[in-house]
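I am opening my notebook on a new structure. Come along and look at the rings, the core and a helix with me.

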Amino acid sequence: MTNEKESTKLKIMDAAISLFNVQGFNGTSVRMIADRANVNVALISYYFGNKKGLLEELMATFFEGFISALDEGVQYLNKKTSRDCLLTALENALIYQQENHHLARFVHREITLDTMLVREVMSTYLMKEKHMYYQIIKNGMDRQEFKRQPIDFIIIQLRGMLIMPFLHPQYIREVHHLIPHERYFLKHYISYLAMWMDSYLSQKPNHFVTKASS
């Protein structure tokens, strides 16, 4: 694909994300997306087939990047402590979501719906995400770095903390007067995640300096 074609495809995706976040998927027409992207409506069919194909592309794009962000934590399990690996995975995923906060908000909202596409995403990407957390946490328990406790509940709590700022940015802005897509927020949020890990997971809590807070 040439640079011009790639640029056009990205313009369509950006326009769709913007409209889906405001109008919703069902409230957005292909014509509206084409107008926002300033492209011929036929190009949407050419690149994505239809609006559903565009939705699938957006979901896959987000989760491919999200899983890749988590993967560094898993890759270093034999070289670093489990808590370092878990915090690296969480920090990378937070940074990725912040850099793609409009897409993250839309995808996280879409995941709350019971559709065939969401079920497919859950059976692939979300199961893979769960397995990555499980590997790190189980490794930490086996090494006696983490307290033994139900791993599923740990993952549910972790995932909630990981996506909440990007699923509910308006709540955070209007109620807490914080801006989740600013680096200042992320720096302090990661520090609090480290504190949570120290108090809730670790056998021997200790100070941990993250890349974002250094």
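**Rings**

I counted 11 aromatic pairs, where rings of Phe, Tyr and Trp (its six-membered ring) pair if their centres lie within 6.5 Å. This is a predicted model, in which local features need pLDDT of at least 70 and side-chain atom pairs count only at pLDDT 80 or more, while totals for chains, interfaces and linings use all residues. Residues are numbered from 1 along each chain as its sequence is written, and side-chain values use heavy atoms, with hydrogens and water left out.

Next I looked up which residues the ring pairs link into a cluster: they are Phe 62, Phe 63, Phe 66, Tyr 96 and Tyr 125.

I also checked for charges over rings (NZ of Lys or CZ of Arg within 6 Å of the ring centre and within 35 degrees of the ring normal). Lys 51 has its charged end over the ring of Phe 25, 4.4 Å from the centre. Over the face of Tyr 76 I found Lys 80, at 4.8 Å from the ring centre.

**Core**

**Helix H1**

I noted that H1 covers residues 3-23, and that its buried residues include Ile 12, Met 13 and Phe 20. Just after H1, Gly 24 has a positive phi of about 85°.

Key: Helix = DSSP H or I, 4+ residues; strand = E, 2+ residues; numbered from the N terminus. Expected span 1.5 Å × (residues − 1). Buried < 20%, exposed > 50% of the residue type's maximum accessible area, 1.4 Å probe, protein only. Phe/Tyr/Trp six-rings, centres within 6.5 Å; stacked < 30°, edge-to-face > 60°.
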